[in-house]
Amino acid sequence: MATHHRPLHALLGGGAVADLLLWRRRNASAAAVAGASVVWFLFERAGYSLASVLSNALLLLVVILFFWAKSASLLNRPLPPVPNLEVSDVVVEKAVVRALVWVNKVLAVAHDIAIKRDRTVFIQVIMALWVVSCIGMLFNFFTLIYIGCTTRSVGSPGI
């Protein structure tokens, strides 16, 4: 029985993401770990919420674009290159289809539990929710993701 072994770089997609995860581009990998640390610090230690960070970032962007456009008209320079921001119907339809599939799966499980009285599915759902609850009490969500990402990237560079 012959097995075909593929390198880890190929299993991770073989592109820039694989290079980043395997620390082949050390500066980019270090920047990713530093960026994750800054994001974790902002959300967990400094007490920012996602809404406040997004609002402040958009506020800064609008102010920069406003002053750039005003100074461009005064100095006879070109206006800032702002693309036409539109969401196409195809993107919205794809998102709706994916959400619909997920919601239908959740409703099918709820139907199996409530109507068919499938005891095994009921016990599996109860156990999974209990485990998630116990883990959630021990760790904050962002802290858990930060620990997982940094131990993966720092703990095994260059495998």
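This note walks through a predicted model of one protein, from its overall make-up down to a single residue.

1. **Make-up.** The protein has seven helices and zero strands. Read from the N terminus, the order of elements is α-α-α-α-α-α-α.

2. **Overall dimensions.** The radius of gyration is 24 Å, whereas a compact globule of 159 residues would have one near 15 Å. The C-alpha trace spans about 75 × 45 × 40 Å along its principal axes.

3. **Burial and surface.** How much of the protein is buried? Buried residues make up 11% of the 159 residues. The accessible surface comes to about 13,100 Å². Carbon and sulfur atoms account for 70% of that surface.

4. **Contacts along the chain.** Take the contacts between residues at least 6 apart in sequence. Of these, 34% join residues at least 24 apart.

5. UniProt lists "domain: Reticulon" at residues 17-148, in an unreviewed entry. In the model, that stretch is 79% helix and 0% strand. Its end C-alpha atoms are 17 Å apart.

6. **The annotated transmembrane regions.** The unreviewed UniProt entry also places the feature "transmembrane region" at residues 49-69 and 121-147. Residues 49-69 are 95% helix and 0% strand, with end C-alpha atoms 30 Å apart. For residues 121-147 the figures are 93% helix and 0% strand. The end C-alpha atoms of residues 121-147 lie 31 Å apart.

7. **Helix α4.** This helix covers residues 50-74, which is 25 residues.

8. **Ser29 in helix α3.** Helix α3 runs over residues 26-45, and Ser29 lies in it. Is Ser29 buried or exposed? Its relative accessible area is 2%. Buried means under 20%, so Ser29 counts as buried. Which residues does Ser29 touch, leaving aside its neighbours within four places in sequence? Ser29 is in contact with Asp19, Leu20 and Trp23.

9. **Where to look.** Finish at Ser29 in α3, with its contacts Asp19, Leu20 and Trp23.

Definitions and conventions
Residues numbered from 1 in each chain as written. Predicted model: local features only at pLDDT ≥ 70, side-chain atom pairs only at ≥ 80, totals over all residues. Heavy atoms only, no water. Helix = DSSP H or I, 4+ residues; strand = E, 2+ residues; numbered from the N terminus. Expected span 1.5 Å × (residues − 1). UniProt positions renumbered as here; feature names shortened; annotations may be inferred. Rg over C-alpha atoms; globule rule 2.2 N^0.38 Å. Buried < 20%, exposed > 50% of the residue type's maximum accessible area, 1.4 Å probe, protein only. Contact = heavy atoms within 4.5 Å. Areas by Shrake-Rupley, 256 points an atom, 1.4 Å probe, with all protein chains shown as cover.
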